[in-house]
Amino acid sequence: MTDGTPTHDESDGTDDESDGPVDREQLAHATRLLLDAIGEDPDRDGLAETWERRVPAAYEELTQGYREDERPTMRTFDADADDLVVKTGIPVYSLCEHHLLPFHGVAHVAYRPDGEVVGLSKLARYVKWASRKLTVQERLTRTLAEGLDDAIGPAAIAVELSATHLCEAMRGVEAHTTTTSRATVGELTTDERERFSDAIAAER
């Protein structure tokens, strides 16, 4: 057994070890304890850098959604048109709060502007930021819809998220399936819902 005390200071420069928004020392200690608990030797070749540097750096990146200072600026522009705006195929990578395993997939966003629109790249940036935390798919879908509604102020917005969960694919039933969830704020018209569904189908 090991006492969890860091013993390696080497770095290849891939990950910056300067002070950041997470407690990397605590993350390193926790990762070392985890490796020890499953019967691994944290100090063997190949693992020393894992617990000391790589995992803390990875979790700093994978938990950006907790930090408001990393929220993308959603600058909007005046627009005369109120035609539906649809953005499909936005990559989503998040962490299941039940098993701390990833779930990943794509998000699709549709909104009817209410005098303002936002750059399409900002939608993808917002989805990436909001997804980087411990959550469940249903809550994330609702968070995306409500967060984008606050940021853009549309007349109506819908978010659909389809994802594969590694907690299901790698353990338990070991089923590689896709789960789909949808959340709306306001009401899209029947025609808008059909256009949104057609755009999602075309993406697949």
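A salt bridge, as the term is used here, is a side-chain nitrogen of Lys or Arg lying within 4 Å of a carboxyl oxygen of Asp or Glu. The structure is a predicted model, in which local features need pLDDT of at least 70 and side-chain atom pairs count only at pLDDT 80 or more, while totals for chains, interfaces and linings use all residues. Residues are numbered from 1 along each chain as its sequence is written, and side-chain values use heavy atoms, with hydrogens and water left out.

We can begin with the overall layout, where the domain assignment, an automatic or database one, divides the protein chain into domain 1 (24-62) and domain 2 (75-203). The C-alpha centres of these two domains lie 32 Å apart.

Side chains of opposite charge can pair when their charged atoms come close. To describe their surroundings, we call a residue buried under 20% relative accessible area, exposed over 50%, and partly exposed in between, using a 1.4 Å probe and protein chains only. Glu70 is partly exposed at 29%, whereas Arg67, with a relative accessible area of 10%, is buried.

Another salt bridge links Glu192 and Arg112, with 2.8 Å from N to O. Glu192 belongs to helix α6 (residues 190-203) and Arg112 to strand β3 (residues 102-112), so this pair ties together parts that are 80 residues apart in sequence. Here helices (H or I, at least four residues) and strands (E, at least two) are DSSP runs, numbered from the N terminus. Both Glu192 and Arg112 are buried. A further salt bridge, between Arg44 and Glu40, also has an N to O distance of 2.8 Å; Arg44 is partly exposed at 37% relative accessibility, and Glu40 is partly exposed at 27%.

Turning to the aromatic rings, we find one aromatic pair in a search of the whole structure. The ring centres of Tyr126 and Trp129 are 5.6 Å apart and their planes meet at 55°, so the pair is tilted. Rings of Phe, Tyr and Trp (its six-membered ring) pair if their centres lie within 6.5 Å, and planes under 30 degrees apart count as stacked, over 60 as edge-to-face and the rest as tilted. Because Tyr126 and Trp129 are three residues apart in helix α3 (residues 120-131), about one helical turn separates them. Both of these residues, Tyr126 and Trp129, are buried.
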